[in-house]
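User: I would like to learn how to read the contacts and cores in a model of this kind. Please take one feature at a time.
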Number of protein chains: 2
Amino acid sequence: MEGKGVQVLDRALDIIELLSVERDGLGVTEIGLKLDLHKSTVHRLLSALAGRGYIERDDNRGAYRLGLKFVEIGSLRLNQLELKTEASSYLRRLANTVGQPVHLAILRGLDAVYIEKIDPVASIRMYSQIGKRIPVYCSALGKCLLSGLGKDELESALAGIEFTRFTAKTKTTVGEVRADIEGAKRRGWGLDDEEHEAGIRCIASPVRDYTGRIIAAVSVSGDRRVIAADRDEETAGVVMETAAEISKRMGYVPGMEE
Amino acid sequence: MEGKGVQVLDRALDIIELLSVERDGLGVTEIGLKLDLHKSTVHRLLSALAGRGYIERDDNRGAYRLGLKFVEIGSLRLNQLELKTEASSYLRRLANTVGQPVHLAILRGLDAVYIEKIDPVASIRMYSQIGKRIPVYCSALGKCLLSGLGKDELESALAGIEFTRFTAKTKTTVGEVRADIEGAKRRGWGLDDEEHEAGIRCIASPVRDYTGRIIAAVSVSGDRRVIAADRDEETAGVVMETAAEISKRMGYVPGMEE
DNA sequence: AAACACCGTTCCATATTATGGAACGTACGG
DNA sequence: CCGTACGTTCCATAATATGGAACGGTGTTT
């Protein structure tokens, strides 16, 4: 076959990704219709995946849905990240101090990927999700992560951005984003001023490792009345403190960055 | 080919599961050796998986490891569980009240699968993991989950248990486990008295839904000096209270079971 | 109660794909 | 500088996955 894929694998992954957004599961025929696959093909792939726990049947309706094996594999992958393991208790402490959701993210391509999310006790806001991505140009986390790139790498990354205007305040030019990144680098913290989600502001600070490189970023986010602009320096202070503690834990010695 | 599987899919899943326990990733040749696959086959499958984010290359060494796509899919699956979404804030409250790790689990076959895990701020104990399984016969969660089965279904389940002695206190006969389950049913809470992990005790209580059926269990666990035997009734009280609140949230009306 | 429609499941001839052997380029160690 | 091992690519062909047909079961309609 053409291209880089393997047909059976691509079909199976298509099924998996389809079911990952279908809360109530789907039947064989419906999966086949949505993915333009013969139902006997679908059935065979589902059976194979089910045999290993990646797919399960709904108890009542018989619909197929993702199995909990994905949860297990996802957790195993997350726990391979030493950074996350080391950072968790600092993040919990920050969440309780600030009383707002706290995230840890790493850079993947042109996105920040959430690898930890701590909600304070009273919080029930569920927008972000571990494993999800947010574009670098309109997130505090993303700007911090980009601030760790070398000049050439940064320009290359900026050149690759395809802008989507999420809110009235979304930055949509390379120049604006570059300026924000430089500001993040200078201050030691980055800002999302309702650029990704209207009404939501976010402050992040970078985490470094023993080589001095930026490997992650920590953020606090919340309603613009809670993460109020007039208290940004104060909020940024506690975020930077937490990021510094995690950095230290990862072997970073202040002053060693390039 | 023979059996229920699909060869390409089984090979890809073998690679995925191998990498899920290899923190530093592996090379093509090494994967091939471990799975008895030709390196050109391995390379093709890795490339196909990498193209969709399920595999990534280590920045430095070039080793292959799982991609963060698994984290995303795992989180999407978890978030499809309405129970988990609804329960999270109650569990956080319980963790802070008791100051010990709290879990939520559901029944899958003869295991309790952790679908939520809350560590209090100061805790760094990392034994359990979301997505992991613990056998029903030697866990408080498992005994609570089994207590919701009908008589025939329970006997069938008990007949299927293959006992492993984890500690000196592990129950290893069907009679002992049946007695524990009946005790859990009578009291409204179940106990793991160092049966799975030496020195660790655990108290759990079942969660019901609007049909009155047991759909999950909540637990608190910790060192036997902290979850001390002489205070079990007290600890159980707060666990049952949390389980009752979650049950209520899931539409359960007290008195409607059976 | 019978007929109909649709779904999930199974089987198998064959079309199509995945395989693995050979070869190549690169990087690392001696 | 040379040898070794790894990752990568290509392609003839062996082996597998496909999908068409058929079946049983369930729910709905007449």
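User: Which atom of Thr29(B) lies 2.6 Å from a phosphate oxygen of DNA strand D?

Analyst: First, the conventions. This is a predicted model, in which local features need pLDDT of at least 70 and side-chain atom pairs count only at pLDDT 80 or more, while totals for chains, interfaces and linings use all residues. Residues are numbered from 1 along each chain as its sequence is written, chains are lettered from A and ligands numbered from 1 in the order in which they are written, and side-chain values use heavy atoms, with hydrogens and water left out. A polar contact is a pair of N or O atoms within 3.5 Å; within protein, one must be able to donate a hydrogen and the other to accept it, and residues adjacent in sequence count only if both atoms are side-chain atoms. For Thr29(B), the atom is a backbone N or O.

User: How many residues surround DNA strand D?

Analyst: A residue is near a strand if one of its heavy atoms lies within 4 Å of it. Here 18 residues surround DNA strand D, and the closest are Ser40(A), Arg44(A), Thr29(B), Arg57(B) and Tyr64(B). The surrounding residues divide into six nonpolar, eight polar and four charged. In that division Ala, Val, Leu, Ile, Met, Phe, Trp, Tyr, Cys and Pro are nonpolar, Asp, Glu, Lys and Arg charged, and the others, Gly among them, polar.

User: Which helices supply at least two residues of that surface?

Analyst: Helices (H or I, at least four residues) and strands (E, at least two) are DSSP runs, numbered from the N terminus. Chain A supplies residues from α1 (7-20) and α3 (39-51), and chain B from α1 (7-20), α2 (28-35) and α3 (39-51).

User: What does the largest nonpolar core look like?

Analyst: In soluble globular proteins, nonpolar side chains tend to be buried together. A nonpolar core is a set of buried Ala, Val, Leu, Ile, Met, Phe, Trp, Tyr and Cys residues joined through side-chain atoms within 4.5 Å. Buried means under 20% relative accessible area, exposed over 50%, and partly exposed in between (1.4 Å probe, protein chains only). The largest core has 46 residues, and Leu9(A), Leu46(A), Leu9(B) and Leu46(B) have the most contacts inside it. Another core, apart from it, has 30 residues, including Val113(A) and Trp189(A).

User: How should I read the salt bridges of Asp193(A), and where are its partners?

Analyst: A salt bridge is a side-chain nitrogen of Lys or Arg within 4 Å of a carboxyl oxygen of Asp or Glu. Over all chains the count comes to 49. Asp193(A) pairs with Lys169(A), the closest N and O atoms being 3.3 Å apart. That pair links strand β6 (residues 190-193) of chain A to the loop between α7 (151-159) and α8 (174-187), 24 residues apart. Asp193(A) is partly exposed at 22%, as is Lys169(A) at 39%. Asp193(A) also pairs with Arg201(A), at 2.6 Å between the closest N and O atoms; Arg201(A) is buried, at 3%.

User: Are Glu195(A) and Lys171(A) buried or exposed?

Analyst: Both are buried. They form a salt bridge with closest N and O atoms 3.9 Å apart.
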